[in-house]
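Hello,

Here is the structure I promised to hand over. Please open it first, then read my notes below.

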Amino acid sequence: MTAPLLARLAALTAAGAPGGTPDTAPEVLADRPDGTVVRSGRTVAKAHAPDDDPHDLAARLRIAAHPLLHGILLPPLPATAPDGFLTRTDDGRALTRWPYGSPVAPDDPDAAPWEDAARLLARLHSVDPRQLPGPVPPMRGPAKAARALARLRTALAPAGGPPSAPGAGPLPAAAAAIARAGDLLPPWALGAAPPPRTGTLCHGDLHLGQLVRHPASDGPWLLIDIDDLGLGDGAWDLARPAAWFATGLLAPDIWTRFLAAYRAAGGRAVRPAGDPWPDLEIPARALTVQTAARAVAKAADAARRLDEAETALVDACARMTPLPQHLATDGPVVG
């Protein structure tokens with residue numbers, strides 16, 4: 001993060017403070033290529049990815065601020081005017097402003113709010129997109145899976161040449177297994193075609209890091225991060241915990257509680273009873289491929305070995321077989 005960007009984000013956090021002075025010194029909460037987040041007291045400012053479409057982002061912000069999403073999504077704070085939720089740096093990068101919420105404690109897995117997350121998703125999926133300020137953009141989850149595969153190919157390619165051969169070492173062999181699993185996915189799961197179900201308002205990147213309590217420390221749980229919000233297949237929002245369960249990274253009882261809470265709250269992305277996997281198979285595979293691809297790319301960049309969890313993801317990709325014909329052609333259907 002550059003000093004000018006930090007200064008601009010710090011100024012945004014101070015915008016609502018008395019006298020324009022921040023409550024506390026700015027604290028960098030995250031600094032990644034896809035987003036930089038700075039906190040000062042009760043306010044957070046975010047620099048979105050440089051390649052974010054500003055029109056789609058503006059639409060997502062309007063949706064997050066809409067009354068139908070109150071109690072589901074953390075609403076943005078004005079950045080430029082009472083109804084202006086987005087401002088930009090001199091080079092065009094989008095900046096937004098948010099209330100601070102307490103995140104999930106990473107050192108207390110037993111307290112992770114899986115049921116709360118499931119109920120929030122069920123409520124999100126029940127929102128009628130026709131009642132929202134539009135046009136509502138598409139959910140970006142599948143496109144992110146494709147980008148993860150592209151990043152993997154770049155990370156494993158020798159300078160100026162094609163990707164390394166599978167026999168060249170453990171990381172190229174892992175990359176080959178992930179690529180084969182990606183090739184088994186239908187085009188819609190990689191953003192190359194419209195999904196078979198497009199009428200649900202989806203979060204697009206659900207994991208426990210996308211939940212905060214607001215007001216901080218004792219308020220209700222809310223979803224954050226609207227960068228991938230949009231219309232798509234609601235099963236995508238259940239796919240990451242489903243994939244973790246399938247690969248052994250999420251305990252069966254947690255998955256059962258999550259799925260039961262989603263169904264009990266009226267969630268419509270999976271059938272109301274019975275086996276959910278006909279609805280979850282493709283998104284869960286895609287999220288496994290995406291997460292494994294990102295893990296191997298990061299390991300290649302750092303010249304390190306895969307850890308146990310990353311190895312489990314790669315092994316899951318290696319075990320994938322061709323999809324049943326009805327899923328490969330038409331995608332999941334909820335009766």
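The model is a predicted one. In it, three strands form an open sheet in the order β6-β8-β9, and the pairing is antiparallel. The edges are β6 (102-103) and β9 (221-223). Each has a single partner strand, so one side of each is left without a neighbour in the sheet.

Look next at where β6 meets β8. Strand β8 covers residues 211-213. Its antiparallel pairing with β6 runs over two bridges. Across from arginine 213 in β8 you will find serine 102.

**The whole chain**

Now step back from the sheet. The chain holds ten helices and ten strands. Its C-alpha trace spans about 60 × 50 × 40 Å along the principal axes. The radius of gyration is 20 Å. That agrees with a compact globule, because 335 residues packed that way would have a value near 20 Å.

Contacts tell us about the fold as well. Take those in the chain with a separation of 6 or more: 72% of them are between residues 24 or more positions apart.

**Inside and surface**

How much of the chain is buried? Of the 335 residues, 47% are buried. The accessible surface comes to about 15300 Å². Carbon and sulfur atoms account for 57% of that surface.

Last, the charges. The chain has 32 positive and 35 negative ones. Their mean positions are 2 Å apart.

Best wishes

Terms used: Residues numbered from 1 in each chain as written. Predicted model: local features only at pLDDT ≥ 70, side-chain atom pairs only at ≥ 80, totals over all residues. Heavy atoms only, no water. Helix = DSSP H or I, 4+ residues; strand = E, 2+ residues; numbered from the N terminus. Rg over C-alpha atoms; globule rule 2.2 N^0.38 Å. Buried < 20%, exposed > 50% of the residue type's maximum accessible area, 1.4 Å probe, protein only. Contact = heavy atoms within 4.5 Å. Areas by Shrake-Rupley, 256 points an atom, 1.4 Å probe, with all protein chains shown as cover. Lys, Arg positive; Asp, Glu negative; His and termini not counted. Charge placed at Lys NZ, Arg CZ, Asp CG, Glu CD. Pairing = 2+ DSSP bridges.
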